[in-house]
Every structure is written in C-alpha cells, then in structure tokens.
Amino acid sequence: MTVLSGASQEAIAFHYDVGNDFYQLWLDPTLTYTAALWAPEAPGLTLAEAQAQKIDFHIRQAQAQGGQRVLDIGCGWGSALLRLVKEHAVEHAVGLTLSPNQATWVQALGNPRIEVRLEPWEAHAPSEPYDAILSIEAFEAFARPGLSSREKIHLYRTFFEHCHRWLRPGGWLSLQTIAYGNSTPEDLDAFISQDIFPESDFPRLAEVVEATERLFEVVRLQNDREDYGRTLRAWLDNLKANRQEAVRLAGEETVVRYERFLRLSIYTFTIGACDLHRIALRRIDQPRCGSGE
Ligand SMILES: C[S@@+](CC[C@H](N)C(=O)[O-])C[C@H]1O[C@@H](n2cnc3c(N)ncnc32)[C@H](O)[C@@H]1O
C-alpha cells in the first residue's frame, strides 16, 4: 500500500502558530485546546476546572501513576504534561507536537521531568518503553482529507502498532478523538478542513475500532459530544469578551475566521454531526494473529 500521511508540520503550524497570546485570550489559563469534561452534577464548574477534570480522567484511564514514564502524543501547550508531573508524581512525561510555538512554550516551563519533542509520532523512537500513553485530539490530524476508509484504517493501524510497541506489557492508552457522527465528509462545511485545520480529517468510530484489532482491546468508550458544545461556547464567549484585543493581536480576518469556526463547531456537535469519543484501550500483550494487516 502507498505510504500516506496526516497533516504536515506546515499545516499544523498554520493553525497553532497564530500566536500564543491570541489563544491565551479565549482558552483557559493552561491553554488546553480540546473538549473539556463537564460534570452534570457540578453545574458551576469553570472552564479551567472542567479541563483539569478531563486531563485527570485520561490520566486515570491510562492508569498513569507516580514514578512512571508517560507519553502524550499531541501535547499542545503541555497542560497534561504539567498535571502528570505536578499532580500525579509521574517521573518522566514526554510530549510530542508538530508546532514550534508549542514546543518552545513547553520547554520554557523549565520542568526537568517534562521533555517536549518537536517530532511527529511516526518518527518517535523511545529508548525505553512507556508505562502509559495519552493522546487527546491529535488523531484528527493523522489522515488527510480524500483518503478512502481502507487507507485511513491502514494509517490508524500504523499509529496503534507504534503505541503497542512503545508500551510495556499491560500498558494502557487513553485516546480522545472527534469522529464523524450522523454525517459524511460531504455534509460538513469544507471551511473547517480548508481554512482552519488544513490536511486533517476526522475518523469514523468504526475505523478507529477496526484499526485497534489484535493490538488493543477497547475497554471503555464514551461519546461526550455535548461536552464539546459547552467547551466551544465557553471559548466563543471568551473570544467575544476579548474581541478588541484579539483583533489587535491577530487581525480582523483571523478573528472572524475563528468566530465562524467556533459557531459552526457548536452547531456540528449539538446536532450530532460529529461525536467526541473518549476511549480506554488496553494493550493486548500476545496478539493471536500477528499485528500486521
Ligand atoms: C488539538 S491539539 C491538542 C493538544 C492537547 N492534547 C490538548 O488537549 O490541548 C492537537 C495536537 O496534536 C499535535 N499533532 C498533530 N499531528 C501530530 C503528529 N503527527 N505527531 C505529533 N503531534 C501531532 C499538534 O501539534 C497539537 O499539539
């Protein structure tokens, strides 16, 4: 099969390198840029609390603990890396990102237990196995638009093969990804894949699950699309409240583009055109039929 890939470093930088100060105006203070976990029984949660709760959920789900080595694939501005070492006493937290801005930001945190690498997962070659792996909404950048379902499954399987290799026996991977829900790629506005996240495409849940077969068992899966709606609304409210400053930092065109992106995404998750999956995957230590296709 042809070697295919996901979003390039240039495509990722196009999105994430708009400016840290711009993102600071509307994300929570830790710059977590993924769906938060809102608890219906705690309606008064702030965005920052709901983000911390989401990160802790994934850390627990990956069974990451004190003294361990943990990998975060697609670490963004490092919020999970920080919680891993500060709140969960993890010994060594390694983050991968394709964004130079994010890598510089995480490096500047100056935490000796955090290592950030400006490196695609395809090139990662750890010298020792990891005890646990997190990957929170990087998966959407692992396949470009226009690929067939078979081609996407092949790419995703290569990702899970790498994770399988990197994890110690019995290790867990906690994955969060957007997926097509009650929609096809043609139903969604091309604006997002062209002007917001170029070279990226969502998976379908069935593709993710098929790609894990005989590598990982799916232990738990939850679709929290409503949580995305609420997170996006909080981001949009923050952007509106800081609009003047946002225009000063990033320009009117960029702000209009992000407002449209946030509004469209709220609608997409509200009607169920897209889902938000949080998946607990346990490594199968002795795959019965080999791990290749
Ligand atoms: C939406 S952000 C999520 C960041 C973080 N997990 C969070 O919750 O805020 C996606 C991240 O995936 C990274 N990414 C995308 N493709 C990647 C690849 N092939 N290898 C490593 N990181 C990648 C991006 O650089 C970015 O840091």
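**Close-up 1. A141 in the loop between β4 (130-136) and α6 (149-166)**. In this predicted model, residue A141 is buried, because 22 other C-beta atoms lie within 10 Å and the threshold for a buried residue is 20 or more. Once neighbours within four places in sequence are set aside, the contacts of A141 are G6, A7, I12 and S200.

**Close-up 2. The pair A141 and I12, 129 residues apart in sequence**. The C-alpha atoms of A141 and I12 are separated by 8.4 Å in space. I12 is also one of the residues in contact with A141.

**Close-up 3. Q63 in the loop between α3 (47-61) and β1 (69-73)**. Although Q63 is not a glycine, the phi angle of this residue is positive, at about 60 degrees. Q63 has 16 other C-beta atoms within 10 Å and is therefore partly exposed, since this class falls between the limits of 12 or fewer for exposed residues and 20 or more for buried ones.

**Close-up 4. R214 in the loop between α8 (205-212) and β6 (216-223)**. The backbone of R214 has a phi near 65 degrees, which is a positive value in a residue other than glycine. R214 counts as partly exposed because there are 16 C-beta neighbours inside 10 Å.

Definitions and conventions:
Residues numbered from 1 in each chain as written. Predicted model: local features only at pLDDT ≥ 70, side-chain atom pairs only at ≥ 80, totals over all residues. Helix = DSSP H or I, 4+ residues; strand = E, 2+ residues; numbered from the N terminus. Contact = placed C-beta atoms within 7 Å.
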